[in-house]
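Subject: Handover of a structure for your attention

Dear colleague,

I am passing a structure to you and would be grateful if you would look through it. My notes on what was found follow below.

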Amino acid sequence: MVMIVEDEIEEVMPMSAQIIHAIDEEERKKRRSALAYLMWHSGYIYTADNTTDSKMRAKIIDDMAMSGVKRMEEMDIPITPARIDALGSIRKQVDLSDRIDIPICFIDVEAIGTQLLLPTRQPSDTTIVTPQEVREAGIVFDSYDDFRDAYNKLAGHIVAAPKSVLFWLQRFEKQFLNIADPRIEQRSKFHKIKPEWRFINPPTHTHRDFEALSKAGDVGRLVKIEGQVVEKGEVKTVLTHIAYRCINKNDFDIECGTINLVEQDVERGDMLKPAECHICSGKKYIRLESQESRSEPIQRLSVQEEQVSSDTRSIMVELRGDLCNTIEAGTSVSVVGMMRLEPMTKNGLICSHYILASSAEEKSQTKGSITLSKNDLEEVKAFEATMDLEEKMDLVVDSWAGHIHGNDEIKKAMVLSVVGAVENKKFGLRPNMHILIIGDPGTAKSKLLDLACDLAPGSRKSDASSASAAGLTGACVQQQDLYTNQKRWAVLPGEIPLTPEGAVCAIDEFNLYKGDYGDVNLAMESGEVIIAKVVKARLPVKCSIIAGANPDGKQSKRKKFNKMIPLAEQIELDHTLLQRFDMIFVILDVADGDKDEKIGFAMLKGLTEDTGSSTASADSTLGLSFIHKLLEVAKSREAKLSKKATEYIVKEHAKKRSEASDDESLRSHRQVASLSRFAIAAAKFDGVKTATLQHVKYAEALMATTLQEQDPAAIEGGLMKGDREVRKTLAESFANLVEKDFMIDSRTFEDIYTELKKTWSDIPSMGIIEGVLKEFSRDSSLTCIHRSRSGIYTYSGTKSPAWQVW
Ligand SMILES: [Zn+2]
């Protein structure tokens, strides 16, 4: 217990006095706005008719909210279910709250700011006469216009001074909660009921990036940020009311003993003490330990900007009350809150910024990042109905990516991967489709990755060769503790979990990643990043991965494809990782007269006179924002394969496997899953809920150009076509040398190569042939070819070796 001597006691005005106290004009306006809000949403304005009860009044307010929503829809303002709830009655919001002792009331700032919510003329049977207690304090509304104006201005006040508005809401709430819902008072006999007021949907001008946050201009204002939770602190407790016992002695030398409960200003950081005992007016106290005092949970998060760079910024976000433990580390969040300053040291003048959250939401919970208005939905519906699948896709691809010529199959596959399939947990089928583009430098590979990012808001592009410490998946790093500034371990999510659901995670130079491919493999297949070093965490993966790779392996210094070397070797990617991709496209930089001509025309399009005979529908292109809306609608659609479609996929697969010439080119069963995913995505894109034969065939046509279909062995760990041919030819030619008794003597590789060249006109380079010959010598029990350490080859077999089995 702490003795508090008189001169330490701070002067604090009792709250009642504070209300009556003269407040400057600005403060008066905020108070009126908060009051108007409470009068409307509690249903108080309908208490003029004393035959109504709170339930009926709530119903009228909810109906009025729907009229307001209609007015907003006419102005094409997006409406979400959460928005409709926030615009309704307090009673409705109490009903929607998870905990009866902490009703959560959302206040939709942007919606109020539209001035469309309250009807322009006073509804009948309403009163704008303020309750007696506030009337006595001089707060009245002269007219309904005056009342409506105060209500509409609440939005501006919340943005400029959220703390003041909150203060007034909390001052007045007691008088209105009982009108809004008498059950609250009944319940409050058992629990202390204190609603949480949460500000949501602040207008766009309050949205801040981390660059803007670092400037001090926003202190005290409402801001909205989006970022990644890189650390989550423990839930701690902050005292909201502190109990003091009066130890003032009366005339008989006996201590007064009265308990004085003092409400704390939790923002201030120092403890408030009672001005004087409310019984004896004494000024000597001891602080009582927690039992009589009241507290509230608080939790701190470290939120980092999502655009990870070498100098990544982060900000501390404080959650209070029921918001605690609603956010997971690693998730993307959207936080609305008050910008505040916290002294770095006790009583220090140097401060750091933090955000006291008013509302916080995991973005991955809200599917997609765009909200569609009713008009948007109608526009999309109309578009979907006007064309068939191919026409729609061609128009989308042409509008979005027409300026980059060629590779239409890849572009179409990208569109479908953004749309996504559906999850089937029972069969372990993931909904995301991953695409790998392998291309020579100078091909459109990187441009295609950029294009993919344009398809979905929130997409990220990174270069795997220069990935941050968190890498593609995530890492465990040491960070400063959010409460004590001491070092502690924290999880830092990587590029893949940082990408929100439905967006694209584009990764260039995928084959040059220095991190752990095993983690990447798991993330792609299981939809989870698991971190198990020091701190354990599971980060969800909800995005499509579109990766690019260069042929830049040890085998090839030229950074260009060599047709004779297995592809997996050139890009140095593990087969199991290659198998995670639903489609692998290889873009070769080869001369193609027809294609080159088209590229030339595309480049000169703007410089050529318009003869008017062009069949291109250049003027009927779609805007990117419309494409976003279209894909958003498609994403949220559920679709299934028709029975016929399933039968076709299964039968075709079995047929192709039986037709395969050898084990190495056997088609993988994974193709079935990939084809189903793309067929379902095609149906979703087409605006239907059943993927028919048409959709399967569409997907099949796209897949036909992939490496999986053209050379399955390349993915399955076998050898590629080109490589198999080299082996075969070398074995035959070598057998030929044996036949000619060339191998009776020991030979250097150069000798052998020179000899081979005589009959093998297009023989690959010495490096490649030596590589294969070395491989043969490793299986010397079979091939009878031996290679000494100094590189001398000998042959110990018969004259007619069974080279077919090599
Ligand atoms: Zn006393």
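A residue is called buried here when its relative accessible area is under 20%, exposed when that area is over 50%, and partly exposed in between. Please bear in mind that this is a predicted model.

I begin with the zinc site. The protein donors of the zinc ion are the SG atoms of Cys246, Cys256, Cys277 and Cys280, at 2.2 to 2.4 Å from it. The arrangement is tetrahedral because the 4 donor atoms subtend angles of 96 to 121° around the zinc ion. Along the chain, these donors follow the spacing C-x9-C-x20-C-x2-C. Cys256, in the loop between strand 4 (222-246) and strand 5 (259-263), and Cys277, in the loop between strand 5 and strand 6 (285-287), are 21 residues apart, and the pair links distant parts of the chain. Cys277 has a relative accessibility of 1% and therefore counts as buried. Cys256, by contrast, is partly exposed, since its relative accessible area is 28%.

As a rule, nonpolar side chains in soluble globular proteins tend to be buried together. In this model, the largest nonpolar core has 63 residues, and those with the most contacts inside it are Trp400, Met414, Val415, Leu416, Ile437 and Phe685. Helix 24 (residues 670-686) gives the most to this core, namely 8 residues. Leaving aside residues up to four places away in sequence, Trp400 touches Lys411, Met414, Val415, Leu451, Ala452, Asp454, Leu455, Leu624 and Ile627. A second, separate core has 59 residues, including Leu35, Ala36, Tyr37 and Ile158.

Ala547 also deserves a note. This residue is located in strand 18 (residues 544-549) and, at 0% relative accessibility, counts as buried. Its C-alpha atom is 5.6 Å from that of Ala506, although Ala547 and Ala506 are 41 residues apart along the chain. Beyond residues up to four places away in sequence, Ala547 touches Ile435, Leu436, Ile437, Leu449, Ile507, Phe510 and Phe581. Phe510 and Phe581 also belong to one aromatic cluster, together with Tyr513 and Tyr517.

I turn now to the aromatic pairs, of which the count comes to 15. The rings of Trp168 and Phe172 have centres 5.8 Å apart and planes at 25°, so this pair is stacked. Both residues lie in helix 10 (residues 162-180), 4 residues apart, or about one turn of the helix. Trp168 and Phe172 are both buried. Phe749 and Tyr793 form a tilted pair, with 6.5 Å from centre to centre and 55° between the planes. Because Phe749 lies in helix 29 and Tyr793 in strand 24 (residues 792-795), this pair ties together parts that are 44 residues apart in sequence. Both Phe749 and Tyr793 are buried.

Lastly, helix 29 (residues 749-759) has Phe749, Ile752, Tyr753, Glu755 and Leu756 buried. These residues lie on the same side of helix 29, because they cover an arc of only 165° around the axis. In general, an α-helix has 3.6 residues a turn, so residues three or four places apart point the same way.

Yours sincerely,
A colleague

How values were computed
Residues are numbered from 1 along each chain as its sequence is written. This is a predicted model: local features need pLDDT of at least 70, side-chain atom pairs count only at pLDDT 80 or more; totals for chains, interfaces and linings use all residues. Side-chain values use heavy atoms; hydrogens and water are left out. Donors are N, O and S atoms within 2.8 Å of the metal (3.2 Å for Na, K and Ca); water is not among the atoms, so sites may look incomplete. Four donors count as tetrahedral if all angles lie between 85 and 135 degrees; four count as square planar and six as octahedral if opposite donors are over 155 degrees apart and all others between 65 and 115; anything else is irregular. Helices (H or I, at least four residues) and strands (E, at least two) are DSSP runs, numbered from the N terminus. Buried means under 20% relative accessible area, exposed over 50%, partly exposed in between (1.4 Å probe, protein chains only). Contact means heavy atoms within 4.5 Å. The arc is that of the directions from the helix axis to the C-beta atoms. A nonpolar core is a set of buried Ala, Val, Leu, Ile, Met, Phe, Trp, Tyr and Cys residues joined through side-chain atoms within 4.5 Å. Rings of Phe, Tyr and Trp (its six-membered ring) pair if their centres lie within 6.5 Å; planes under 30 degrees apart count as stacked, over 60 as edge-to-face and the rest as tilted.
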